[in-house]
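Here is a walk through a protein chain, element by element.

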Amino acid sequence: MTIAVYVTGGILAVAVLLALYRAVRGPSILDRVLALDVVLAVIGAALVLNMVVGRHLDNLVLLVVISVVGFIGSVTVARFVTDRK
């Protein structure tokens, strides 16, 4: 189980680094928003990993808030971009 946790944590770390790279280098605002949405998803996955390893539900409210903020942010930017065209 310990090896699986370390491998999963490493994959999540690589994913967040690549998403942050895309957020910095993204040519358009949509690329940046999508990259930051991926960062929020990875943070949520890390919270879930922490809850699984620790066998607790302390971060459940934070996970729901992060998911809702990511969803509302993505929808807001998508509506803003479609209204501009």
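Start at Ile 3, which is found in helix H1. Helices here are DSSP runs of H or I with at least four residues, strands are runs of E with at least two, and both are numbered from the N terminus. Ile 3 is exposed, with a relative accessible area of 67%. The classes are these: buried means under 20% relative accessible area, exposed means over 50%, and partly exposed lies in between, with a 1.4 Å probe and protein chains only.

A word on the source. This is a predicted model, in which local features need pLDDT of at least 70, side-chain atom pairs count only at pLDDT 80 or more, and totals for chains, interfaces and linings use all residues. Residues are numbered from 1 along each chain as its sequence is written, and side-chain values use heavy atoms, with hydrogens and water left out.

Now follow H1 along its length. Ile 3 and Ala 23 are 20 residues apart in sequence, and their C-alpha atoms are 30 Å apart in space. The whole of H1 has 24 residues and reaches 35 Å from its first C-alpha to its last. That is close to the 34 Å expected at 1.5 Å a residue; the expected span is 1.5 Å times one less than the number of residues. Which residues of H1 are buried? They are Leu 12, Ala 19 and Ala 23. These buried residues pack against H2; contact means heavy atoms within 4.5 Å.

Move on to helix H2, residues 29-54. Its 26 residues should span 38 Å at 1.5 Å a residue, and its end C-alpha atoms are 37 Å apart, which agrees. Ile 43 lies in this helix. Ile 43 is partly exposed, with a relative accessible area of 36%.

The buried residues of H2 are Ala 35, Val 39, Val 42, Gly 44, Leu 47, Leu 49 and Met 51. What do they pack against? Their partners are helix H1 (2-25) and helix H3 (60-84).

Arg 55 follows H2 and lies in the loop between H2 and H3. Arg 55 has a positive phi of about 50° although it is not a glycine. Is Arg 55 buried or exposed? Arg 55 is exposed, at 76% relative accessible area.

Asn 59 is found in the loop between H2 and H3 as well. At 16% relative accessibility, Asn 59 counts as buried. Which residues does Asn 59 touch, not counting those up to four places away in sequence? They are Leu 47, Asn 50 and Met 51. Leu 47 and Met 51 are among the buried residues of H2.

Helix H3 comes next. H3 has 25 residues and reaches 36 Å from its first C-alpha to its last, close to the 36 Å expected at 1.5 Å a residue. In H3, Leu 63, Ile 66, Gly 70 and Val 81 are buried. Their cover includes H2.

Val 75 has its place in helix H3 and is partly exposed, with a relative accessible area of 35%. Val 75 belongs to a nonpolar surface patch with Leu 57, Leu 60, Val 64, Val 68, Phe 71 and Ile 72. Together the residues of this patch have about 650 Å² of accessible area. Areas come from the Shrake-Rupley method with a 1.4 Å probe, and for residues only the protein chains shown count as cover. Patches are made of residues with over 30% relative accessible area and no salt bridge; like charges are joined within 9 Å, and nonpolar side chains (Val, Leu, Ile, Met, Phe, Trp, Tyr) within 5 Å. A salt bridge is a side-chain nitrogen of Lys or Arg within 4 Å of a carboxyl oxygen of Asp or Glu.

Finally, step back to the whole chain. There are three helices and zero strands. The radius of gyration is 15 Å, well over the 12 Å that the globule rule gives for 85 residues, so the chain is more spread out than a compact globule. The radius is taken over C-alpha atoms, and the rule is 2.2 Å times the number of residues to the power 0.38. Along its principal axes the C-alpha trace spans about 50 × 25 × 10 Å. Of the 85 residues, 19% count as buried. The chain exposes about 6,300 Å², and carbon and sulfur atoms supply 72% of it.
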